[in-house]
Amino acid sequence: MQTATLITYSLVAAASVISPGPATMLAIRNGAAGGVRAVVPSTLGNVTGLFLLSAAAMLGLGVVLQSSALLFMALKIAGAAYLIYVGLRHLLGRAHIAPPEDAAIGAPPRRPGRLYLEATFVAAMNPKPILFFTALFPQFLNAHEPLLPQFFILTGIFMAMSLVSLLAYGALARRARRLLRQPRIVVWLNRLVGSIFVAFGLALLRLKRSAA
């Protein structure tokens, strides 16, 4: 692949990775609540979801979704419903990005497997990477060169950036845990996180097939 193409792709990928979204909120929540032990499985789940999206784009599953309005709608509604569900739990106070100190004492840690699966699903149903891998990703592939090496290079760059970004967000949240657990801040963080998840869920509902 040409150096100019890799540089351009890396800049576009970095802009997509750094911008806040559901994956960022999960990293902050898990970092504040459980530290590194919670952030690592969540981050690995996120990059797994990104790999699945990239692989789906390469395998032409996007074309299948574009040709089947019913399947596209079913997946869209399922993903949007989950994102909105997570958002409403935060807005209604049933989930916390960083529970108050009194509530955190004695609370059992979330299992790594559950954190991993949650992050995988959120990543796979996140409108931001969906749009990236279906609309932007193919633009950087050279059809006259072997596609598999290009797939691993470009996908690897995106996954590595996401890995570093989410681990950094989680580490910062861990260091700021005392601040994030102040009751007044918890309320506002829950509102912010809940609103972001609901907004991304609604954005997924508005996502249209490119063939439309």
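I begin with the nonpolar surface patch: V36, V40, L44, L163, V164 and L167 make up about 480 Å². Such patches take residues with over 30% relative accessible area and no salt bridge, joining nonpolar side chains (Val, Leu, Ile, Met, Phe, Trp, Tyr) within 5 Å; a salt bridge is a side-chain nitrogen of Lys or Arg within 4 Å of a carboxyl oxygen of Asp or Glu. Areas come from the Shrake-Rupley method with a 1.4 Å probe.

This is a predicted model, in which local features need pLDDT of at least 70 and side-chain atom pairs pLDDT 80 or more, while totals for chains, interfaces and linings use all residues. Residues are numbered from 1 along each chain, and side-chain values use heavy atoms, without hydrogens and water.

Helices α3 and α9 (147–175) each supply at least two residues of the patch; helices are DSSP runs of H or I, at least four residues, numbered from the N terminus. L167, in α9, is partly exposed at 35% relative accessible area (buried is under 20%, exposed over 50%, partly exposed in between). T43, in α3 (residues 36–59), is buried at 2%. Beyond its neighbours within four places in sequence, T43 contacts L163, L166 and L167, with heavy atoms within 4.5 Å.

I turn to the aromatic rings. The whole structure holds seven aromatic pairs, defined by ring centres of Phe, Tyr or Trp (its six-membered ring) within 6.5 Å, with planes under 30 degrees apart stacked, over 60 edge-to-face and the rest tilted. F151 and F152 pair edge-to-face, at 5.0 Å and 65°. F151 is buried at 5%, whereas F152 is partly exposed at 48%.

Key:
Buried means under 20% relative accessible area, exposed over 50%, partly exposed in between (1.4 Å probe, protein chains only). Patches are made of residues with over 30% relative accessible area and no salt bridge: like charges are joined within 9 Å, nonpolar side chains (Val, Leu, Ile, Met, Phe, Trp, Tyr) within 5 Å.
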